[in-house]
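Thanks for asking me to look this one over.

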Amino acid sequence: MDRQSAPPTIEVDGLVKTFGEHRALDGLSFTAAPGEVLGVLGPNGAGKTTAINVLSTLLAPDGGSASVCGHDVAAEPEAVRRSIALTGQFAAVDELLTGRENLVLFGRLRSLSKAAARARADELLERFSLTDASEQRVGEYSGGMRRRLDLAASMVVPAPVLFLDEPTTGLDPRSRNELWDVVRELRDDGLTIVLTTQYLEEADRLADHIVVIDAGRVIASGTADELKSGIGGGACVVTPLDARESAALAEALSSLGRTEIDDETTGAVAVLNAGDLPLIEVVQVASAAGIGLDDVARRRPTLDDVFLQLTDHSEQPA
């Protein structure tokens, strides 16, 4: 059975969770297929972490249903826990212990024998490129090393589903790239991975499928390319010969569509939602305004554009 025909690993249908009068999840529904990375995007307070906590049985739902590997999160919480690994936003490892000691401790807590815990620790240290630092106290680890160790600790007992709740928050670009490589390897091993993130590039690079949630419900879903195609034709980016003329260029080009300064250094101006705009019209308008151009180019919509457009509440009534 291939991934396309296999039943979903995760099914969420009309999930509701309230805290007092606040409805954190308001009919949330989505699925995750076997062996895929599902990116869950949304602004702060959208319900991303609440959804992960319900799916990992840390919170009980107030309505709707959810299952992981065929096990209902409310009726079969122990079976769900045996099917998942979870890495939260903050590292759960002990800074006073070495990397190896942490992993052995987690193994013993998961009922592995001493020998099995040590063997699994060595396996994970190698898998996550931490063997050379295995006898080093975690308090001396870099942020990227600590996050890799935290991910390894969550996988002491192998599980088919991995929840990653904003795993690269606070990491430098090099450490983030290293963790991305690990996520890709785990996906290639067949794990179903649910990734919540506020880094749009992270979702673009890693996610096979994306759901965008806001106010506790899904407002869009699809691949990154499908979401980008769904918001219009992108932008036309126009760079003047003299960056000091950017404001005048933006004013002139406003006759063609909504504009904004795209790059303060070069003075580049973006004409938004204008991917089909004939470039000759842009040149003619700039010429009529007496502004020389250095470059005119089309820019595809980015996931940032998708996110901002879908979660923009500025024009909604209060």
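1. A word on the basis. This is a predicted model, in which local features need pLDDT of at least 70 and side-chain atom pairs count only at pLDDT 80 or more, while totals for chains, interfaces and linings use all residues. Residues are numbered from 1 along each chain as its sequence is written, and side-chain values use heavy atoms, with hydrogens and water left out.

2. Helix α1. Helices (H or I, at least four residues) and strands (E, at least two) are DSSP runs, numbered from the N terminus. Helix α1 spans residues 48-55, and six of its eight residues are buried, so the rest of the structure largely encloses it. Buried means under 20% relative accessible area, exposed means over 50%, and partly exposed lies in between (1.4 Å probe, protein chains only). The buried residues of α1 are K48, T50, A51, I52, V54 and L55. Just after this helix, T57 has a positive phi of about 70 degrees.

3. Helix α3. In this helix (residues 99-109), G99, N102, L103, V104 and G107 are buried. Its buried residues pack against α4 (114-127) and α5 (143-154), where contact means heavy atoms within 4.5 Å.

4. Salt bridges overall. Side chains of opposite charge can pair when their charged atoms come close. A salt bridge here is a side-chain nitrogen of Lys or Arg within 4 Å of a carboxyl oxygen of Asp or Glu. The search of the whole structure turns up 18 of them.

5. R146 and E95. These two side chains form a salt bridge at 2.5 Å, N to O. The pair links distant parts of the chain, 51 residues apart: R146 is in helix α5, and E95 is in the loop between β6 (84-87) and α3. E95 is partly exposed, at 41% relative accessible area.

6. R187 and D208. Another salt bridge joins these side chains (3.3 Å, N to O). R187 belongs to helix α6 (residues 173-188) and D208 to the loop between α7 (200-206) and β9 (209-214), so the pair ties together parts 21 residues apart in sequence. R187 is buried, with a relative accessible area of 15%, whereas D208 is partly exposed at 33%.

7. D242 and R244. Their closest N and O atoms are 3.0 Å apart, in a salt bridge. D242 is partly exposed, at 25% relative accessible area, and R244 is exposed at 75%.

8. A network. Finally, do look at R23, D26 and R217, which are linked in a network of salt bridges.
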